[in-house]
Amino acid sequence: MTAVVQAAAPPTTRDERGGAGAAVWALALFETRRLLTRVPVLLAFAVYLGWTVWRSGKAWGGYPALQDADRATQTAPMLVGLAVLLSANLAALRSRRHGTEQHFGVLVLPPWRRTAAHALSVLAVALLTAVCVAAQFAWEALRPGAIGHGSVGELLVGPLSVLLFGLAGLLAAGLVRSALAAPLLVVFCLFLSVFGTGSGEGWGRWLVPVVVESTTNTLPSDLLGRPAGWHALYLAGLALSLGLLALLAAGGRRPVVVAGAVAMTLVGGVAQARGDSPELVRARERATLSPEQVQSCVRRDGSTYCAFPEWEPRVADWAGVVDRVRSLAGGPAHRQDLVVRQRIDARYGLSGDAALTPLERPHEVTVGTQWGGNRVPEFSAAVAGVLVAGTEKASTSICDGRIVTVMWLALGWESDPMAALRRVRLNDTVTGSDFVLQPTDGLYMTAAQTEVLRALFERPRGEVTARVKDRWAELTSPKVTAARAAQLLGVPAPEGDDKCLD
């Protein structure tokens, strides 16, 4: 009997279409669908979109500066990032939690390729966030009152933060095989966002993803001094480093690529910490102390309007306010030509919040870089003060009945002057005494002056305007009292206190 020895069959390999690369993409699509349908991610996107839609109708009073609008896209995606961190971590640990890790041995995908698929799913969510950021910024940029220039580097911060957080969760899954790691990491990130360096001073604040500013000042885009491009490079390098480390932790074998990502992070981190250049410091001082050197001026109806280049489209809005205020004035003020000059204090960048000092040159009015909302009655109050007192410096020192005339000129042309009065006063009041806000130092209204002004708002506008013009000389003479102004304007005498602050 003879035995037939059959040669062993050579080991077979799966000849699947596309090989391991196609399998990675297929798994990435599956994990992307799972990630986008996770409850934390769905809730985070719902809050993000809801907050963005609600805020878009209220920010900047309808007149956004795009160098501010780009930074406004950064904070809300942080919530999405934290949700992705938690969900990506749980997805990477899914097989361990369910005891199915041994079944992956029959697949063509080693652990590091499965980790790559999870990283691609995080990248997909970051790209979706980028679409949301682009839509938010485009909405502001297409508004009729938008001015200025946005920064691509600033717009990348939101999506890169989502990518960074998601890959941090993936790395945590490779280093700590526990579902508790991700929630603790989320708590740490929340602690860092509240007590971290993102809103402080110095280079350290640029180490966190979102760097907020301590003021709401709006500056020309070339004076911001934010290293947005370098910061985006830093975040991209940091996210890439975390992703590659996660691949190494899962069995990847290319540490040299990690070294390249770390070098990329260091380049961005060092460059963003260099601080303001001497040229930027000089440009800020010139814009603050000698704005006429960098501004262009135009004439409209006899008045001159000087603005920084990005604000030239705003001249028509300023001129409209000046014409309405001047139309209510009497005497020479009705035809008085003004110089409206845009002013800023840019010496400390976005971290400064210094008040502008009133101008002492005759018939010159300050206007700021923000417009819309409360800024309109504040500017009209400044215009009215100069028409009555002659200079900004003199108008901010008024503490007699001339305030009634000033505030009538400032608000009498409004469709709802009482609402405008509430917006322009410091404490949002329409009764009693309060401060009136202006681009420079404010005014002070006594309770008696407020009573007289409210009574004027209840009369027909044409009737009050005629009385103001007929009695202009006495209404604008120093030391006129609120009671005398009421008598001249045909309204009841006030009962409140008419004493100015010392």
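Student: Arginine 347: buried, exposed or partly exposed?

Tutor: Arginine 347 is partly exposed, at 38% relative accessible area. Keep in mind that this is a predicted model.

Student: Which residue does the arginine 347 side chain meet in a salt bridge?

Tutor: Aspartate 345. The N to O distance is 3.0 Å.

Student: And how accessible is aspartate 345?

Tutor: Its relative accessible area is 12%. Aspartate 345 counts as buried because the cut-off is under 20%.

Student: Why would two such side chains pair at all?

Tutor: Opposite charges can pair when the charged atoms come close.

Student: How many salt bridges are there in the structure?

Tutor: The structure has 17. One of them links glutamate 378 to arginine 375, with the closest N and O atoms 2.9 Å apart.

Student: Where do glutamate 378 and arginine 375 sit?

Tutor: Both are in helix 13. They are three residues apart, about one turn of the helix.

Student: Glutamate 378, buried or exposed?

Tutor: Buried, with 8% relative accessibility. Arginine 375 is partly exposed, at 29%.

Student: What does glutamate 463 pair with?

Tutor: Arginine 459. Their side chains form a salt bridge at 3.3 Å, N to O. Glutamate 463 is partly exposed at 34%, and arginine 459 is partly exposed at 31%.

Student: Which residues do salt bridges with shared partners join into one network?

Tutor: Glu154, Arg205, Glu213 and Arg226.

Student: What does leucine 409 touch?

Tutor: Leaving out residues up to four places away in sequence, leucine 409 touches Val325, Leu328, Ala329, Ala384, Val388 and Trp472.

Student: Now cavities. How many of 30 Å³ or more turn up?

Tutor: One, from a search of the whole structure. The largest cavity has about 60 Å³ of space.

Student: Which residues line the largest cavity?

Tutor: Glu31, Arg34, Leu35, Arg38, Ser87, Ala88, Ala91, Arg94, His118 and Ser121.

Student: Which helices each supply at least two lining residues?

Tutor: Helix 1 (19-36), helix 4 (77-92) and helix 6 (111-141).

Student: On to the backbone. What is phi of histidine 363?

Tutor: Near 60 degrees. That is a positive value in a residue other than glycine.

Student: Where is histidine 363 placed?

Tutor: In the loop between strand 3 (339-342) and strand 4 (364-367). Histidine 363 is partly exposed, with 27% relative accessible area.

Student: And what about phi of lysine 479?

Tutor: Near 75 degrees, and again positive without being glycine. Lysine 479 lies in the loop between helix 19 (472-475) and helix 20 (482-489).

Student: Lysine 479, buried or exposed?

Tutor: Exposed, at 66% relative accessible area.

How values were computed:
Residues numbered from 1 in each chain as written. Predicted model: local features only at pLDDT ≥ 70, side-chain atom pairs only at ≥ 80, totals over all residues. Heavy atoms only, no water. Contact = heavy atoms within 4.5 Å. 1 Å grid on protein atoms, 1.4 Å probe; cavity = no way out; pocket = protein on both sides within 12 Å on 5 of 7 lines; lining within 4 Å. Points joined across faces, edges and corners; volume = space filled by probe spheres on them. Helix = DSSP H or I, 4+ residues; strand = E, 2+ residues; numbered from the N terminus. Salt bridge = Lys/Arg side-chain N within 4 Å of Asp/Glu carboxyl O. Buried < 20%, exposed > 50% of the residue type's maximum accessible area, 1.4 Å probe, protein only.
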